[in-house]
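Here's a walk through a protein model, written for someone who would rather look at the structure than at a list of numbers. Keep the viewer open while you read.

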Amino acid sequence: MPEPQYGDPDREYQLSATESEVIVAGGESYNGWTYNGEYPGPEIRAVEGERVRVTIENDLSEETTIHWHGMVLDGDNAMDGVPGVTQAAIEPGEEFVYEFDAEPAGTHWYHSHVGLQLDRELLGPLIIEERDPHIEYDTEATLVLDEYLPTEPRVETSNGNGGGMGGMGGGGFPDAPPAEGTLINGRLPDEPATVDVEEGSRIRLRLINAAAAATYEIGIDDHDLVVTHTDGPAVEPVPVDTLEIGPGERYDAVVEARSPGTWPIQVRAVNKSTSAGRALLDYDQSDGDVTEGEIGSRQLQLSDLHAIDSLDEYRGEPDRTIDLTLSGEMMGGDEWTINGQAYPDADPISIEEGEHVRFRMANRSPMRHPMHLHGHHFVVGDALKDTVIVPGHMGEITIDFVADNSGAWFFHCHHLYHMETGMAREVPYEK
Ligand code: C2O
Ligand code: CU
């Protein structure tokens, strides 16, 4: 197992948000916005319980903020990075100091929470090492999945069937511009990211879907993925061939290196015509020729996930149940709504400190919605998560959480273009 890197009680990082050239593969590049000129942004890493300080300098021409996706920020709501809700956005030329406890452990990420900036690549991994992992492994690698969008992000319209645009007055849903490919750690498949393994070792893959819009299916030719964590919290290890990961979600999976070769790690956008992404799992004895194998059909289901931590405090009847209908305006609409309201013209969801709260979400649209609650983990099925996909076509998902972290928290669809056109609410409560 890798030694946790205990160090100073405080981890300090310096980020600057800048316009920079992003090189994706084979010399292809475009003008993106990045942290420190890197895409994905520099890894921020700490051991659970440590205090982390990140100073950000805004060298962009627009205001910005950073959200620490996965951190519960107990008592630190002001560090949550939601402009106009938890802080005033950081003006161009200004600096801001974020400081928070590294809790909980797991695979998390950080990203801008202003407008469509996330889709300009203002994002990076945030890894919190657990002091006492429930699994054994030898090495680890982080894979950041994302769409290749070399143009300026803007809200477009689609028919909800994936691929083509609705266009021409036919009505449609506000959506992302079509991506031009799938990136793994910032690389297109013709110059793929490589994950090195030694035969007989176990590697922990930390998977982050940083895409603004795409849900991905991931699998590795001829290898099992033993899923061990979702959105940070540990689950009973479950072997699968593939898993689906929605925008904002994370999964950790241990892969046993049992068949020498150089195998494709395949990432396919679900319900989209975007070309697939690929990285390589490269054994040390391999000659580098890519071995083609097969990916089986066992796909991870929500019902396969069983949290290791006790879920007792979330069981029993809730103190408050809130029904939330997720929908969009098909005919000429340019909004996504929760109970018919489009944020910011939307009422806050009101709850009280100490309550066990249940959200019953019903999706009245054909598209899936990866719903994310800031500042809390919630129980869905038998798992603890912070982002969950509500399937399209009348999909329903119920989540339970305990209001034990007062503040003004954001609750929204992590499809950036759905959030930006209204699918969001504030959930404020006081001590
Ligand atoms: Cu990952 Cu409100 O965000
Ligand atoms: Cu959505």
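Helices (H or I, at least four residues) and strands (E, at least two) are DSSP runs here, numbered from the N terminus. By that count the chain has 1 helix and 31 strands. The radius of gyration, taken over C-alpha atoms, gets compared with a globule rule of 2.2 Å times the number of residues to the power 0.38. The chain comes out at 21 Å, close to the 22 Å that the rule gives for 431 residues, so it is as compact as a globular protein of that length.

A word on ground rules: this is a predicted model, so local features need pLDDT of at least 70 and side-chain atom pairs count only at pLDDT 80 or more, while totals for chains, interfaces and linings use all residues. Residues are numbered from 1 along each chain as its sequence is written, chains are lettered from A and ligands numbered from 1 in the order in which they are written, and side-chain values use heavy atoms, with hydrogens and water left out.

**The chain as a whole**

Along the principal axes, the C-alpha atoms fill a box of roughly 60 × 50 × 45 Å. Buried means under 20% relative accessible area, exposed over 50%, and partly exposed in between (1.4 Å probe, protein chains only). Buried residues make up 58% of the 431 in the chain. A contact is a pair of heavy atoms within 4.5 Å. Take the contacts between residues at least 6 apart in sequence, and 75% of them join residues at least 24 apart.

Cys-413 and His-418 are both buried.

**Nonpolar cores**

A nonpolar core is a set of buried Ala, Val, Leu, Ile, Met, Phe, Trp, Tyr and Cys residues joined through side-chain atoms within 4.5 Å. The largest one has 52 residues, and those with the most contacts inside it are Trp-68, Ile-351, Phe-359, Met-361, Met-371 and Phe-411. Apart from that core lies another, of 36 residues, including Val-197, Leu-205, Val-227 and Ile-265.

**Salt bridges**

A salt bridge is a side-chain nitrogen of Lys or Arg within 4 Å of a carboxyl oxygen of Asp or Glu. The structure holds 33 of them.

| Arg-45 | Glu-140 | 2.5 Å |

How exposed are the residues involved? Arg-45 is buried, at 11% relative accessible area, whereas Glu-140 is partly exposed at 22%. Arg-51 is partly exposed at 23%, and Asp-101 is partly exposed at 32%. Arg-202 counts as partly exposed at 26%, and Asp-138 does too at 31%. Arg-45 and Glu-140 also belong to a network of salt bridges that includes Glu-43, Arg-204 and Asp-252.

**Two residues to look up**

Thr-228 lies in strand 16 (residues 225-230). It is buried, with a relative accessible area of 1%. Leaving out residues up to four places away in sequence, Thr-228 touches His-134, Pro-237 and Asp-252, among others.

Glu-430 is found in the segment after strand 31 (424-429). This residue is exposed, at 68% relative accessible area. Beyond its neighbours within four places in sequence, Glu-430 is in contact with Glu-353 and Ser-406.
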